[in-house]
Amino acid sequence: MGEVLTPLFIAQTMFARDRASQLLGMQIVNCEAGTATVTMSVSDNMVNGLNVCHGGVIFTLADSAFAFACNNTNFNTVAAGCTIDFLAPGKLGDSLTARAAERTQRGRSGIYDVDVTNQLGELIATFRGKSARVGGQVIESV
């Protein structure tokens, strides 16, 4: 393979396989061990009947940042549970940023917090994800 398995390279490899995140126009802007920052612009097909960003779209952004953060050390990891608190609406045209950070990792279990903010730095949502390592690697060693 010849590539150095940095957290960013691992996350980018996952992203290349992640059609859902790609479909929503997400971009990974930063990634270090146990952290990830992902952005997305709110387009007209993401707003709900109240003309604000659908909560499921905001959850998906946070969940994607969580996934890139907990897999970027090259251990296959899935969500064991997640919660989200919506604090303000995302609006059409907003640029949302999800910043995920590992709080703890013990054995196969981890806890990650994700803050979702808009382009003004206003907190839109907070997300907590519980992770479970399931065996194997994101990028298999050669």
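Let us begin with a cysteine: Cys-82 is partly exposed, with a relative accessible area of 27%. Keep in mind throughout that you are looking at a predicted model.

**Cysteines without partners**

How many disulfides are there? The count comes to zero. Cys-31 belongs to no disulfide, and the nearest cysteine sulfur to its own, that of Cys-70, is 10 Å away. Cys-82 is in no disulfide either, with the sulfur of Cys-70 as its nearest cysteine sulfur at 8.8 Å. A disulfide needs two cysteine sulfur atoms within 2.5 Å. While Cys-82 is partly exposed, Cys-31 is buried, at a relative accessible area of 8%.

**The sheet**

Now follow the strands. Six of them make up an open sheet, and if you walk across it you meet them in the order β1-β2-β4-β5-β6-β3, with antiparallel pairing. Which strands are at the edges? They are β1 (27-32) and β3, each of which pairs on one side only. On average, neighbouring strands of this sheet are turned by 20° against each other, direction ignored.

Pick out β5 and β6 in your view. Strand β5 covers residues 109-117 and strand β6 covers residues 123-133, and nine bridges join them in the antiparallel sense. You can find Gly-110 standing opposite Ser-131 in β6.

Setting aside neighbours within four places in sequence, Thr-83 is in contact with Thr-126, Phe-127 and Arg-128. Ser-131 is 48 residues from Thr-83 along the chain, and the C-alpha atoms of these two residues are separated by 12 Å.

**Aromatic rings**

Next come the rings. The whole structure holds four aromatic pairs. In one of them, the rings of Phe-66 and Phe-127 have centres 5.7 Å apart and planes at 55°, so this pair counts as tilted. What does the pair tie together? Phe-66 is in helix α3 and Phe-127 is in strand β6, so the pair joins parts that are 61 residues apart in sequence. Phe-66 and Phe-127 are both buried. Ring pairs also link a cluster made of Phe-59, Phe-66, Tyr-112 and Phe-127.

Is Asn-71 buried or exposed? Its relative accessibility is 3%, so Asn-71 counts as buried. The side chain of Asn-71 reaches the backbone oxygen of Ala-67 at 2.9 Å. Leaving out neighbours within four places in sequence, Asn-71 has contacts with Ile-10, Met-14, Asn-76, Thr-77 and Val-138.

Asn-51 has a phi near 65°, a positive value in a residue other than glycine. Asn-74 is not a glycine either, yet its phi is positive, at about 75°. Asn-51 sits in the loop between β2 (35-41) and α3, and Asn-74 sits in the loop between α3 and β3.

| Residue | Relative accessibility | Class |
|---|---|---|
| Asn-71 | 3% | buried |
| Asn-74 | 6% | buried |
| Asn-51 | 53% | exposed |

Why does Asn-51 count as exposed? At 53% relative accessibility, Asn-51 falls in the exposed class, because exposed means over 50%. Asn-74, at 6%, is buried, because buried means under 20%.

Conventions. Residues are numbered from 1 along each chain as its sequence is written. This is a predicted model: local features need pLDDT of at least 70, side-chain atom pairs count only at pLDDT 80 or more; totals for chains, interfaces and linings use all residues. Side-chain values use heavy atoms; hydrogens and water are left out. Buried means under 20% relative accessible area, exposed over 50%, partly exposed in between (1.4 Å probe, protein chains only). A polar contact is a pair of N or O atoms within 3.5 Å; within protein, one must be able to donate a hydrogen and the other to accept it, and residues adjacent in sequence count only if both atoms are side-chain atoms. Contact means heavy atoms within 4.5 Å. Two strands pair if DSSP finds at least two bridges between them. Helices (H or I, at least four residues) and strands (E, at least two) are DSSP runs, numbered from the N terminus. Axes are lines fitted to C-alpha atoms, for helices over the stretch in contact, and angles run from 0 to 180 degrees between N-to-C directions. Rings of Phe, Tyr and Trp (its six-membered ring) pair if their centres lie within 6.5 Å; planes under 30 degrees apart count as stacked, over 60 as edge-to-face and the rest as tilted.
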